[in-house]
Amino acid sequence: MANDFLAGTDGDLQIRNGDFVVGPGDEQHIEDYLLSAPGNFKESPHIGIAMQRHIDGGHNARTLAALRKKVQLQLHADGFRINNIDMLLNTANEILSIAINADR
């Protein structure tokens, strides 16, 4: 498990007693991959899944498999082992939530 500066629910860095809060950052790293889009990190322009683009719109087995593969490749490149990726869909095949079980 990697330690990192921790962000709060608002995305701002947490500060306690005048210092940055440091702790396990794996969940935060996975969330960063999901929320960021390619090009958001100038030093690594290929990083980012842009999950918000995948939330709306109907999906089929092919597009869901491609999205799963994209998540796996990006997290694997950062040293994660993917145990499971679950996506909850509604009746219109729109993604309601995604749960990723991964470890280093």
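Which side chain meets that of Asp103 in a salt bridge? The partner is Arg81, with a distance of 3.0 Å from N to O, and this pair returns in one of the views below.

These legends describe a predicted model, in which local features need pLDDT of at least 70 and side-chain atom pairs count only at pLDDT 80 or more, while totals for chains, interfaces and linings use all residues. Residues are numbered from 1 along each chain as its sequence is written, and side-chain values use heavy atoms, with hydrogens and water left out.

**View 1. The whole chain and its order of helices and strands.**
The chain has three helices and six strands, where helices (H or I, at least four residues) and strands (E, at least two) are DSSP runs numbered from the N terminus. Followed along the sequence, these elements give the pattern β-β-β-β-α-α-α-β-β. The C-alpha trace spans about 50 × 25 × 25 Å along its principal axes. Of the 104 residues in the chain, 28% are buried; here buried means under 20% relative accessible area, exposed means over 50%, and partly exposed lies in between, with a 1.4 Å probe and protein chains only.

**View 2**
Strand β5 (residues 81–89) and strand β6 (residues 95–103) run antiparallel and are joined by eight bridges; two strands pair if DSSP finds at least two bridges between them. Within this pairing, Leu88 stands opposite Ser97 in β6. In a regular strand the side chains alternate between the two faces of the sheet. Five residues lie between the two strands of the hairpin, and Asn93 in the turn has a positive phi of about 60 degrees, although Asn93 is not a glycine. With a relative accessibility of 33%, Asn93 counts as partly exposed.

**View 3**
A search of the whole structure finds three salt bridges, each defined as a side-chain nitrogen of Lys or Arg within 4 Å of a carboxyl oxygen of Asp or Glu. Side chains of opposite charge can pair when their charged atoms come close. One of these salt bridges is formed by Asp103 and Arg81, at 3.0 Å from N to O. This pair links distant parts of the chain, with Asp103 in strand β6 and Arg81 in strand β5, 22 residues apart. Asp103 has a relative accessibility of 28% and counts as partly exposed.

**View 4. Arg104 and its partners.**
The side chain of Arg104 meets that of Asp26 in a salt bridge of 2.8 Å, N to O. This pair links distant parts of the chain, since Asp26 belongs to helix α1 and Arg104 to the segment after β6, 78 residues apart. Asp26 is buried at 7% relative accessibility, whereas Arg104 is partly exposed, with a relative accessible area of 30%. A salt bridge of 3.2 Å, N to O, also joins the side chains of Arg104 and Asp78. Asp78 lies in the loop between α3 (61–77) and β5, and Arg104 in the segment after β6, so this pair ties together parts that are 26 residues apart in sequence. Asp78 is partly exposed, with a relative accessible area of 27%. Arg104 lies over the face of Phe80 as well, at 4.0 Å from the ring centre; a charge sits over a ring if NZ of Lys or CZ of Arg is within 6 Å of the ring centre and within 35 degrees of the ring normal.

**View 5. The aromatic pair of Phe5 and Phe20.**
Rings of Phe, Tyr and Trp (its six-membered ring) pair if their centres lie within 6.5 Å, and planes under 30 degrees apart count as stacked, over 60 as edge-to-face and the rest as tilted. By this rule the count comes to one aromatic pair. The ring centres of Phe5 and Phe20 are 5.4 Å apart and their planes stand at 65 degrees, so the pair is edge-to-face. Phe5 lies in strand β1 (residues 3–5) and Phe20 in strand β3 (residues 19–20), so the pair ties together parts that are 15 residues apart in sequence. Phe5 is partly exposed, with a relative accessible area of 43%, and Phe20 is partly exposed at 42% relative accessibility.

**View 6. The loop at Ala50.**
Ala50 lies in the loop between α1 (26–35) and α2 (51–55). Ala50 has a positive phi of about 55 degrees although it is not a glycine, and Ala50 is buried, with a relative accessible area of 1%.
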